[in-house]
Each structure stands twice: as C-alpha cells, then as structure tokens.
Amino acid sequence: MKANKFIQLLKDNSGVSYNMITKEYNPNKGYFVSLPNLETKVDLKTLNVDNIATFINKHRSLLQDKTKFIGGWIDNDTVYLDISEQLFDKREALERGYKHNQLAIYDANEGEVINLPTPQRSGTTTQQKAYITQVIDKLISAKNN
C-alpha cells in the first residue's frame, strides 16, 4: 500500500477505503460496517505516512482477510482510521452496524452514508430487538420506494 496515495484520496474525497489483499481503493459495491473498538483518531494537520503504517501494523492480521478494509474519513479536522468489513446484503450490514454500536454504515452502491437511528434502550430485550428489526425494515424499504 502506498500510504501517500491513501492520504491523498482521503483528503480529496473526505474518506477512503483500501483492501490490502485485492489492492482495491474505494469499491463501488457493497455495504461497509466498521468493526468495533478499532478506531484511531488523528489530527488532520499532523496526519502522515507513519500514522497509516502504525495503524496497519497494529491491525495487520485483520487486514489479511479480503472482506476487510482499512478506512479513513474526515470529520471537521479529525481523521478517523478504522477497519471495516464489506458485506453485500443490506439487512446483514444494518444488523451488524447495530451489533457493533455504529452511528452509520456506508452504502458503496449508492455512494452514501446510511445513518442508524439510536437504538431503544428501555423496555425488554425482546422489545429492543423488535424495535431494531422495525428500524431496519424501514431503512431497507425506504430506498426501494
């Protein structure tokens, strides 16, 4: 991987994904869900090749799977680096996004972020699961109409 290219694409597009196995940048198919507890924050002004190399080395074993991507996005002046998984079933991606406590997933097919509504925290576990199922059903049908 050329970290300079990763950084340039990140800055040009406010986000980038790269697969260490297939050498693919920014795929245009599938849904991307970040894996939990792997995110690293870096100040945009200080972002450099060493930041990227350190992150890759820390997570090298995960990146040996062709469904896993190193991702980066910019929010204000902060760069977030993470590991995301490419899935091809929207329902599975949404379910996994909730399971991983994500705020959003990325729909590469449409080139857009799908924000995940806050899960219900009150009620029984059954009620909470029913609410998530209802939300996912709405998110899936909203695009199909």
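Reader: Why does Ala 53 count as partly exposed?

Author: This is a predicted model, and in it Ala 53 has a relative accessibility of 32%. Buried would need under 20%, and exposed would need over 50%. The value of 32% lies in between, so Ala 53 counts as partly exposed.

Reader: Where is the place of Ala 53?

Author: Ala 53 sits in helix H2. Its C-alpha atom is separated by 14 Å from that of Glu 39, a residue 14 places away along the chain.

Reader: What makes Glu 85 count as buried?

Author: The relative accessibility of Glu 85 is 11%. The cut-off for buried is under 20%. Glu 85 therefore qualifies as buried.

Reader: How do you know that Arg 96 forms a salt bridge with Glu 85?

Author: Look at the closest N and O atoms of the pair, which are 2.7 Å apart. A salt bridge needs a side-chain nitrogen of Lys or Arg within 4 Å of a carboxyl oxygen of Asp or Glu. The pair meets that limit, so the name applies. The bridge links distant parts of the chain: Arg 96 belongs to helix H3 (residues 90–99) and Glu 85 to strand S5, 11 residues apart.

Reader: Why is Arg 96 called partly exposed?

Author: Arg 96 has a relative accessible area of 22%. Buried stops under 20%, and exposed starts over 50%. Arg 96 is therefore partly exposed.

Reader: What makes a salt bridge of the side chains of Arg 96 and Glu 92?

Author: Their N to O distance is 2.6 Å. The limit is 4 Å, so the pair passes. Both residues lie in helix H3, four residues apart, about one turn of the helix. Glu 92 is partly exposed, at 30% relative accessibility.

Reader: Which residues are linked in a network of salt bridges?

Author: The network joins Asp 65, Lys 68, Glu 85, Glu 92 and Arg 96. The structure holds six salt bridges.

Reader: How do you know that Asp 137 forms a salt bridge with Arg 91?

Author: The closest N and O atoms of Asp 137 and Arg 91 are 2.5 Å apart. That is within 4 Å, so this is a salt bridge. The pair connects distant parts of the chain, with Asp 137 in helix H4 (residues 125–144) and Arg 91 in helix H3, 46 residues apart. Asp 137 is partly exposed at 35% relative accessibility. Arg 91 is also partly exposed, at 30%.

Reader: Which residues of H1 are buried?

Author: They are Ala 3, Phe 6, Ile 7 and Leu 10.

Reader: Why do you say that the buried residues of H1 line one face of the helix?

Author: Seen down the axis of H1, they fall within an arc of 95°, so they line one face. These buried residues pack against S1, H2, S4 and S5. The face turned away from the buried side carries the exposed residues Asn 4 and Asp 12. After H1 comes Ser 14, with a positive phi near 65°.

Reader: Which residues have the most contacts inside the largest nonpolar core?

Author: They are Phe 6, Leu 47, Ile 52, Ile 70, Val 79 and Leu 81, in a core of 21 residues. Helix H1 (3–13), strand S1 (15–18), helix H2 (49–58), strand S4 (68–75) and strand S5 (78–87) each give two or more residues to this core. H1 supplies the largest share, four residues. Another core lies apart from it, with 13 residues, including Tyr 31, Ala 93, Leu 94 and Ile 132.

Methods: Residues are numbered from 1 along each chain as its sequence is written. This is a predicted model: local features need pLDDT of at least 70, side-chain atom pairs count only at pLDDT 80 or more; totals for chains, interfaces and linings use all residues. Side-chain values use heavy atoms; hydrogens and water are left out. A nonpolar core is a set of buried Ala, Val, Leu, Ile, Met, Phe, Trp, Tyr and Cys residues joined through side-chain atoms within 4.5 Å. Buried means under 20% relative accessible area, exposed over 50%, partly exposed in between (1.4 Å probe, protein chains only). The arc is that of the directions from the helix axis to the C-beta atoms. Contact means heavy atoms within 4.5 Å.
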